[in-house]
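Trainee: Could you walk me through this structure? I'd like to start with what sits inside and then see how the pieces pack.

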Amino acid sequence: MVGPLEQAILALMIFVIMLGMGASLTPRDFALALKRPYGLGVGVVAQFGFMPLIGFALATTLPVSDTIKIGILIMACMPGGTTSNIFTYFSKGNLALSVLMTVTSTVFGVILIPVVLLVYAGALDLDIPRENIVVTLVLLLVPVAIGMILRKVSANVGAVTEFFGSLLALFFILFLIVSWIPRNWEFLLATTWGTYFASIMLGLFGFGIGYGFAKLLRLHPRNARTVALETGIQNGPLAIAIIAFTFSGSEAQAVMAVPVLYSLFIVMSSAALTLWFRRINTAAEQPLPNGLL
């Protein structure tokens with residue numbers, strides 16, 4: 001499903017994506033987040049509260065194998081992806097909040113992802129090698145730190161790195177479409193409806209619950225759109241990388257099915273949601289208040 005060459009390319013892509021994420025940040029961003037932690041708290045609750053619960057519900061109710069259930073849980077426990085920043089921009093959301101929520105969920109994920117997986121995998125009696133996942137997540141913080149250093153040394157270099165990191169996240173999806181789908185066409189035809197349903201609905205349920213949660217808290221419409229996108233768009237490349245470096249052989253290929261399919265479908269559903277958000281973005285909306293919320 002994903003060969004050695006693709007795994008090497010994937011590792012390089014993940015490094016550049018995380019490098020770009022770090023280049024989008026400055027220490028001042030974290031200071032601002034600590035002064036107004038409400039918005040980031042909403043993001044953490046959505047990412048590591050709602051999404052793993054959605055994944056657990058899908059894994060419990062759908063007629064899928066244990067390996068597919070593991071793939072669902074890992075995908076549901078991922079932090080926000082950098083792709084959400086691009087869709088937030090086109091949705092006229094709060095880009096600053098989106099970037100900070102993405103990075104915050106990634107940093108918190110080093111601790112929360114293994115904990116949440118321990119809880120839900122234990123409930124389903126599934127074995128997931130969490131130690132390998134922790135090592136992978138810690139290593140991924142290195143390019144984030146390098147990106148922040150680049151931004152501090154040169155704002156121009158940081159801006160270019162940030163741009164290429166976000167662009168590469170979309171390129172990764174195109175890479176899957178061009179290289180992966182033709183070679184795995186038989187797998188796609190043989191995949192059960194439950195796997196497709198989980199791969200598609202994980203993002204859609206995340207959009208709906210994230211948006212509803214934000215509206216319930218009476219967030220500004222731009223911030224509500226941001227929370228919806230940040231909740232539904234998980235870091236698919238990171239999930240695929242973790243699985244590739246944690247599992248082996250046929251087990252890795254089976255576990256990888258949901259993250260790969262999710263990465264393919266989330267672009268289409270995010271584009272549709274963005275079009276809807278732009279339609280409801282009328283001139284009657286209030287101007288964005290100071291700060292993140």
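Mentor: Let us begin with a word we will need: a residue is called buried if its relative accessible area is under 20%. Please also keep in mind that this is a predicted model.

Trainee: Okay, so which residues of H4 are buried?

Mentor: In H4 the buried residues are Ile68, Lys69, Ile70, Gly71, Ile72, Leu73, Ile74, Met75 and Ala76. That is 9 of the 11 residues of this helix, which spans residues 66-76, so H4 is largely enclosed by the rest of the structure.

Trainee: And how much of the whole protein counts as buried?

Mentor: Of its 293 residues, 54% count as buried.

Trainee: What is the secondary structure made of?

Mentor: It comes to 14 helices and 0 strands. As for contacts between residues at least 6 apart in sequence, 85% of them join residues that are at least 24 apart.

Trainee: Back to H4 then, how do H4 and H10 lie relative to each other?

Mentor: Their axes come within 11 Å and cross at roughly 5°, and an angle under 35 degrees counts as roughly parallel, so H4 and H10 are roughly parallel to each other.

Trainee: Which residues make that contact?

Mentor: From H4 there are Ile68, Ile72, Met75 and Ala76, and from H10 there are Thr195, Ala198 and Leu202. Sorted by class, the contact of H4 with H10 has 6 nonpolar residues, 1 polar residue and no charged ones.

Trainee: Why would residues three or four places apart in a helix point the same way?

Mentor: An α-helix has 3.6 residues a turn, so residues spaced by three or four places point the same way.

Trainee: New topic: what about H5 and H11, are they roughly parallel or roughly antiparallel?

Mentor: The axes of H5 (residues 83-90) and H11 (residues 221-232) come within 9 Å and cross at roughly 150°, and that makes H5 roughly antiparallel to H11. In this contact, Ser84, Asn85, Phe87 and Thr88 of H5 meet Thr226, Leu229 and Glu230 of H11, and these residues divide into 2 nonpolar, 4 polar and 1 charged.

Trainee: Is the crossing of H5 and H11 left-handed or right-handed?

Mentor: The crossing of H5 and H11 is right-handed, whereas H12 passes H14 in a left-handed crossing.

Trainee: Tell me about that H12 and H14 pair, which residues meet there?

Mentor: Gly236, Pro237, Ala239, Ile240 and Ile243 in H12 meet Pro259, Val260 and Ser263 in H14. By class, the residues of this contact are 6 nonpolar, 2 polar and no charged. H12 (residues 236-246) and H14 (residues 257-280) pack at an angle of about 160°, with axes 9 Å apart, and they are therefore roughly antiparallel.

Trainee: How exposed is Phe50?

Mentor: Phe50 is partly exposed, with a relative accessible area of 23%. Another edge-to-face pair is Tyr211 and Trp276, at 6.1 Å centre to centre with 75° between the planes. Tyr211 lies in H10 and Trp276 in H14, so this pair ties together parts 65 residues apart in sequence.

How values were computed. Residues are numbered from 1 along each chain as its sequence is written. This is a predicted model: local features need pLDDT of at least 70, side-chain atom pairs count only at pLDDT 80 or more; totals for chains, interfaces and linings use all residues. Side-chain values use heavy atoms; hydrogens and water are left out. Axes are lines fitted to C-alpha atoms, for helices over the stretch in contact, and angles run from 0 to 180 degrees between N-to-C directions. Helices (H or I, at least four residues) and strands (E, at least two) are DSSP runs, numbered from the N terminus. Angles under 35 degrees count as roughly parallel, over 145 as roughly antiparallel, 65 to 115 as roughly perpendicular and the rest as oblique. A crossing is left-handed if the near helix is turned anticlockwise from the far one by less than a right angle, and right-handed if clockwise. Contact means heavy atoms within 4.5 Å. Ala, Val, Leu, Ile, Met, Phe, Trp, Tyr, Cys and Pro count as nonpolar, Asp, Glu, Lys and Arg as charged, and the others, Gly among them, as polar. Buried means under 20% relative accessible area, exposed over 50%, partly exposed in between (1.4 Å probe, protein chains only). Rings of Phe, Tyr and Trp (its six-membered ring) pair if their centres lie within 6.5 Å; planes under 30 degrees apart count as stacked, over 60 as edge-to-face and the rest as tilted.
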